[in-house]
Amino acid sequence: LVESLRATPWSPYHIACDLVIETPPKTVAAYFDSFLAETRRQHRVALVYSELNGFTINPDRWYCGACGFDEDHGRDSDDWLGDFNTYAKERLVIQGLEPLQQVFADAEVLDRRENDEFEDARDFAERLVVVKFQRMLQDALPLMRNMDVPLLAAAQDWYGDYVVEIRRATE
């Protein structure tokens, strides 16, 4: 994605290539461990789903949440992801991408140009944000003490091929 974005004509979206999520993996792990510890007091949890908020619609604050399901309905369809049994009341704020957030906040101005010269760059930058979010979860997964069920992740309105199961990196 980085190479594809860099191959497009320069745009303000190119900043996505060099930014990294700075939310510490320990903070991410603590968020999910706390969610699972709290929710398991009242519910059985067979799967956790985390969703990045609609970052292109709400660029001023990017965050994710956690939802618990008492049953894993498989990977053939994602229609069931809205039918969670429990959810974290707090959100986990994603830090480090604020310069890109500003670009998306200015997108209304940037994208009004005739023929939208930044369309390809914006599309690659959006996909890169989703992958960076999923990588953040993967990096934190080894630190999660309570995550003994599958963890799925996507961004709001980015389902289908973009829902992935977060797994521990293999050696």
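Student: Which residues are buried in helix α3?
Tutor: This is a predicted model, where local features need pLDDT of at least 70, side-chain atom pairs count only at pLDDT 80 or more, and totals for chains, interfaces and linings use all residues. Residues are numbered from 1 along each chain as its sequence is written, and side-chain values use heavy atoms, leaving out hydrogens and water. Take α3, residues 98-105 (a helix is a DSSP run of H or I, at least four residues, numbered from the N terminus). Its buried residues (under 20% relative accessible area, 1.4 Å probe, protein chains only) are L100, Q101, V103 and F104.

Student: How wide an arc do those residues cover around the axis of α3?
Tutor: L100, Q101, V103 and F104 are the ones to look at. The arc is taken from the directions from the helix axis to the C-beta atoms. They sit on the same side of α3 because their arc is only 155 degrees.

Student: Okay, on to the cysteines. How many disulfides does a search of the whole structure find?
Tutor: A disulfide here is a pair of cysteine sulfur atoms within 2.5 Å. Searching the whole structure gives a disulfide count of 0.

Student: And is C67 buried or exposed?
Tutor: Look at C67's relative accessibility, which is 14%. That value makes C67 count as buried.

Student: What's the relative accessible area of C17?
Tutor: C17 is another buried residue. Its relative accessible area is 11%.

Definitions and conventions:
Buried < 20%, exposed > 50% of the residue type's maximum accessible area, 1.4 Å probe, protein only. Helix = DSSP H or I, 4+ residues; strand = E, 2+ residues; numbered from the N terminus.
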